[in-house]
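Subject: The structure, and what turned up in it

Hello,

Here is the structure for you to look through. My notes on it follow below.

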Amino acid sequence: PALLLLPGIEGAAATFCAQAPLGRRVDLLAVDLPALDDLNAAAAVIAAMLPPRRLLLVGASFGALVARSLARQPGLQAIGLVGVGALPSPAFVPAGIRRGHLALGYCPDAAFNALYRRRIAARLREEGVCPERARRHLDALPDRQSLRARLQALLRWTHSPAPELPTTWLRGQVDREAPWTLAQAAQAMPRAAVETVPGGHRPWLTHPQQLHDILEALLVGPVLAQGRGAGA
């Protein structure tokens with residue numbers, strides 16, 4: 001099987017620059033998220049791009065919600081789902097998301113570009129992201145309309161049954177952006193394995209090796225076995 005990496009709300013696959021070494025062990029796919037205001041629509045666009053392969057779906061934050069929808073796309077050969085720093089249910093969507101979505105409707109582009117870059121740069125520094133990885137992440141930030149569309153998709157997200165897949169939900173040990181606890185995630189997703197990993201909201205940038213170990217273990221363990229047993 002191949003690994004499919006879906007980025008967070010910034011939407012750019014460049015955020016996975018530290019995951020390149022995984023490509024020496026498994027086929028690695030990383031795609032930009034379409035700037036659409038509906039999770040299912042975004043998943044359908046991505047599904048149309050993918051090769052006919054068995055896939056372990058790995059989503060970073062908002063990307064994990066797209067991955068959940070992607071797992072339900074007809075004909076997709078998903079063998080597992082991993083979310084990193086992602087909301088376990090719509091009940092945990094922060095109230096500030098709606099305010100942010102409304103504010104973006106009035107914010108001039110120039111002001112948005114400066115303020116958003118400054119905000120994300122500060123968070124990357126707080127998490128200890130190295131300068132080179134931070135630069136790549138900042139250079140790929142979305143424009144105002146793209147971010148607003150993804151926030152709208154988050155606001156439209158409604159509860160749906162979790163995909164019938166082996167699921168792992170990861171939370172950074174010092175994540176200040178994930179408004180949920182391990183216990184809350186386990187209650188919202190009772191069949192998922194809920195664990196912590198070192199780092200904050202972007203452990204794929206600060207602690208890539210720990211994430212690599214988890215993903216490789218899933219690929220050679222029960223997820224791969226299940227995929228073979230299903231004849232995928």
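A salt bridge here is a side-chain nitrogen of Lys or Arg within 4 Å of a carboxyl oxygen of Asp or Glu. With that in hand, please keep in mind that this is a predicted model. A search of the whole structure finds 12 salt bridges, and Arg 117, Glu 132, Arg 135, Arg 136 and Asp 139 are linked in a network of them.

Arg 117 and Asp 139 meet through their side chains in a salt bridge, 3.7 Å from N to O. This pair joins distant parts of the chain, with Arg 117 in helix α4 and Asp 139 in helix α5, 22 residues apart. Arg 117 counts as partly exposed because its relative accessibility is 36%.

The side chains of Glu 132 and Arg 136 also form a salt bridge, 3.4 Å from N to O. Both of these residues lie in helix α5, four residues apart, which is about one turn of the helix. Glu 132 has a relative accessibility of 39%, so Glu 132 is classed as partly exposed. For Arg 136 the relative accessibility is 39%, and Arg 136 is likewise partly exposed.

Now for the two helices themselves. How do α4 and α5 pack? Helix α4 (residues 109–127) and helix α5 (residues 131–139) have their axes 10 Å apart, at an angle of about 155°. Angles over 145 degrees count as roughly antiparallel, so that is how α4 runs relative to α5. The crossing of α4 past α5 is right-handed.

At the contact, α4 contributes Arg 117, Ile 120, Ala 121 and Leu 124, while α5 contributes Ala 134, His 137, Leu 138 and Asp 139. Sorted by class, the contact of α4 with α5 has five nonpolar residues, one polar and two charged. Arg 117 and Asp 139 are among the residues that meet there, and theirs is the 3.7 Å salt bridge described above.

Helix α4 has another partner too. Arg 123 forms a salt bridge with Glu 177, and the closest N and O atoms are 2.9 Å apart. Arg 123 lies in helix α4 and Glu 177 in the loop between β5 and α7 (182–188), so this pair ties together parts that are 54 residues apart in sequence. At 25% relative accessibility, Arg 123 is partly exposed; Glu 177, with a relative accessible area of 26%, is partly exposed as well.

- Ala 64 lies in helix α2 (residues 62–70). Its relative accessible area is 0%, so Ala 64 is buried. Leaving aside residues up to four places away in sequence, Ala 64 touches Gly 59, Leu 81, Gly 83, Ala 86 and Trp 169. The C-alpha atoms of Ala 64 and Gly 85 are separated by 8.5 Å, and the two residues are 21 residues apart along the chain.
- Thr 168 sits in strand β5 (residues 167–172). Is Thr 168 buried or exposed? The cut-off for buried is under 20% relative accessible area, and Thr 168, at 7% relative accessibility, counts as buried. Not counting residues up to four places away in sequence, Thr 168 touches Leu 81, Val 82, Gly 83, Ala 193, Glu 195 and Leu 218.

Best wishes

How values were computed. Residues are numbered from 1 along each chain as its sequence is written. This is a predicted model: local features need pLDDT of at least 70, side-chain atom pairs count only at pLDDT 80 or more; totals for chains, interfaces and linings use all residues. Side-chain values use heavy atoms; hydrogens and water are left out. Axes are lines fitted to C-alpha atoms, for helices over the stretch in contact, and angles run from 0 to 180 degrees between N-to-C directions. Angles under 35 degrees count as roughly parallel, over 145 as roughly antiparallel, 65 to 115 as roughly perpendicular and the rest as oblique. A crossing is left-handed if the near helix is turned anticlockwise from the far one by less than a right angle, and right-handed if clockwise. Contact means heavy atoms within 4.5 Å. Ala, Val, Leu, Ile, Met, Phe, Trp, Tyr, Cys and Pro count as nonpolar, Asp, Glu, Lys and Arg as charged, and the others, Gly among them, as polar. Buried means under 20% relative accessible area, exposed over 50%, partly exposed in between (1.4 Å probe, protein chains only).
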